[in-house]
Each structure stands twice: as C-alpha cells, then as structure tokens.
Amino acid sequence: MKKTDLGWIFVLFALAVLFGTAGTAVADLIWPVPEPLPLHSVPAVNYLVLVSKEHPVPEFWEASVDLVRMTNSLGEDVAVEAAAYDAYLGLKEALAEEDIFVDISSGYRNAAEQQKLIEDLTERYGEDYVKQYAAEPGYSEHQTGLALDLYLLIDGKAVDSREDPVNATEIWEKVHAKLAEFGFILRYPEGKEDITGYGSDPRHIRYVGDPETAKEITEKGLTLEEFSDRS
Ligand SMILES: [Zn+2]
C-alpha cells in the first residue's frame, strides 16, 4: 500500500468517526430533549370573562394577568391589566381632545382588598348600598384587572359622581360614547339592573378586548351577561 492510500484510509476513518459521533449527537438531541417551552407559558387572558354575582373570578385567574401599576391624580396607587391600561390611555387621550379629563379611582383589587372595601362602604353608606354596588370577594369584576372605575376632573378637581352635587351626566354620556372605540363597555347601564345585579354606575367600565366586540355589545344595547348567553 502506498503512503497516499494510507492517508486516504485515515481520512475516511476520521470522517466515519466524526459523522458517526455527530449522528449520535443529533439523535441524542432529538429524542431526550423535551418539547420546546411555549413563548408565553402563561395562559392567554380571556377578555370576555364574565364575572358577576353568579359567576366567580375563574380559579388561577390572577396568574394569567399582567398588571401595570400607576398613580392617579389623587396620589393613589392603581393596578390595571396591561392591555386594558394601554386601551385606557388611548381613551383618556381621545377624551382630553374634547376637554374631558378622566382618571382611574380603582382598577384591580384582590379578594382581601375587596373585603376591606365592603367593610368601609358598609360603615359609610350602609348595607343596602353595598348590596347594590359592591361585590363579595371572589365575585368582583375588579379582581380581573379588566374593570376600571373612572372619575372626572372638572376644573382640575376630582369629582366623585356619588358624592358631588354637580350633575355630571352630560360629561359621562360623552365618556360613554367613546368607550367602544377603545374596547371598553359601560358595564352596569341604567335599566339593566335586573340582569347585571347592580345599580347603574356611570363610572365602572370594563375592557372586553376587541373594539369590534365592544361596538357590537354597545350598539345592540347588551350587557356582558346577555352577550355571553348568545355566544
Ligand atoms: Zn367598579
């Protein structure tokens, strides 16, 4: 055998070893490696979730929600689900163009905060008021992070429609007219108390995600209860 033949045999042998090993390595990589983790291992948020006196906040809901924290004009800390907060900023800006100024008095509340609120409201307004306007812990839409209570700023002053004698109905109507465009609905409208289980409340808005859905709910004059029953 010539020297060059030996050289070739060596080269072929080396290649066989190399590819053989590489082949094993690839197989090792293919089989024992688990499925790649999904990019978002957290379940997607169901923006149409129905939470009411009959429908509790789904179990583990809070684990799927990304909350954004902000401070309102009164210096209070408020947390809101991330997409709902983005949508709110769009709404706020659109309203400001019409010289209407709003801020958030309450967004996400956990069960303990809801309990505390019920106790405070009972002390201030009595049990009947609480039954009409406040939810039991675990049954509050605020626990989803998708519900916001707004307040108006008139002449730079925060106005609480519940306590202020100023009739701000006209301003609220303008606010409500803009909601759907940004994926919000007025959650407790007048005349639907029997369906929602709550007294009408101009401040409480609910993010439902898709503006087209919000428009459909609003234009057809539906509550989230009625909309959920149909779909
Ligand atoms: Zn509310």
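Trainee: Where is Phe184 found?
Mentor: Phe184 is in strand E6, which covers residues 184–186. Please keep in mind that this is a predicted model.

Trainee: Is Phe184 buried or exposed?
Mentor: Phe184 counts as buried because it has 29 C-beta neighbours inside 10 Å, and the cut-off for a buried residue is 20 or more.

Trainee: Which residues does Phe184 touch, leaving out those up to four places away in sequence?
Mentor: Phe184 touches Ala87, Leu91, Leu179, Ile205, Arg206, Tyr207 and Ala214.

Trainee: Let us turn to helix H2. What span should H2 have, and how far apart are its end C-alpha atoms?
Mentor: H2 runs over residues 82–96, and its 15 residues should span 21 Å at 1.5 Å a residue. The end C-alpha atoms are 21 Å apart, which agrees.

Trainee: Which residues of H2 are buried?
Mentor: The buried residues of H2 are Ala84, Tyr85, Ala87, Tyr88, Leu91 and Leu95. Viewed down the axis of H2, they fall within an arc of 160°, so they line one face of the helix.

Trainee: Why would residues three or four places apart point the same way?
Mentor: An α-helix has 3.6 residues a turn, so residues with that spacing point the same way.

Trainee: And what is exposed on the other side of H2?
Mentor: Glu93 and Ala96 are exposed there.

Trainee: How do the axes of H2 and H5 cross?
Mentor: H5 is the helix of residues 169–179; its axis and that of H2 come within 10 Å and cross at roughly 130°. That angle makes H2 oblique to H5. The crossing is right-handed.

Trainee: Which residues meet where H2 passes H5?
Mentor: From H2 there are Leu91, Ala94 and Leu95, and from H5 there are Val175, Lys178 and Leu179.

Trainee: Which residues of H5 are buried?
Mentor: Ile171, Val175 and Leu179 are buried in H5. Seen along the axis of H5, they fall within an arc of 90°, so they line one face of the helix. The face turned away from that buried side carries the exposed residues Thr169, Glu170 and Glu173.

Trainee: What do the buried residues of H5 pack against?
Mentor: They pack against H2, strand E3 (101–106), strand E4 (147–154), E6, strand E7 (204–207) and helix H7 (211–219).

Trainee: A step back to the whole chain, please. How many helices and strands does it have?
Mentor: The protein chain has eight helices and seven strands. Of its 231 residues, 23% are buried. Among contacts with a separation of 6 or more, 67% join residues 24 or more positions apart.

Trainee: On to the loops. Where is Lys53, and which residues is it in contact with beyond four places in sequence?
Mentor: Lys53 is in the loop between H1 and E1. Outside its sequence neighbours, Lys53 is in contact with Ala135, Tyr139 and Gly197. Lys53 counts as partly exposed because it has 13 C-beta neighbours inside 10 Å. Gly138 is 85 residues from Lys53 in sequence and 9.3 Å from it in space, C-alpha to C-alpha.

Trainee: What is the phi of Phe60?
Mentor: The phi of Phe60 is near 65°, a positive value in a residue other than glycine. Phe60 lies in the loop between helix H1 (3–30) and strand E1 (67–71). With 8 C-beta neighbours inside 10 Å, Phe60 counts as exposed.

Trainee: And what about the phi of Asp155?
Mentor: Asp155 has a positive phi of about 50° and is not a glycine. Its loop is the one between E4 and strand E5 (157–159). Asp155 is exposed, with 6 other C-beta atoms within 10 Å.

Trainee: Which residue follows H3, and what is its phi?
Mentor: Gly126 follows H3, and its phi is positive, near 95°.

Notes:
Residues numbered from 1 in each chain as written. Predicted model: local features only at pLDDT ≥ 70, side-chain atom pairs only at ≥ 80, totals over all residues. Helix = DSSP H or I, 4+ residues; strand = E, 2+ residues; numbered from the N terminus. Expected span 1.5 Å × (residues − 1). Buried ≥ 20, exposed ≤ 12 C-beta atoms within 10 Å, placed from the backbone. Arc of directions from axis to C-beta. Axes fitted to C-alpha atoms, helices over the stretch in contact; angles between N-to-C directions. Parallel < 35°, antiparallel > 145°, perpendicular 65-115°, else oblique. Left-handed = near helix turned anticlockwise from the far one by under 90°. Contact = placed C-beta atoms within 7 Å.
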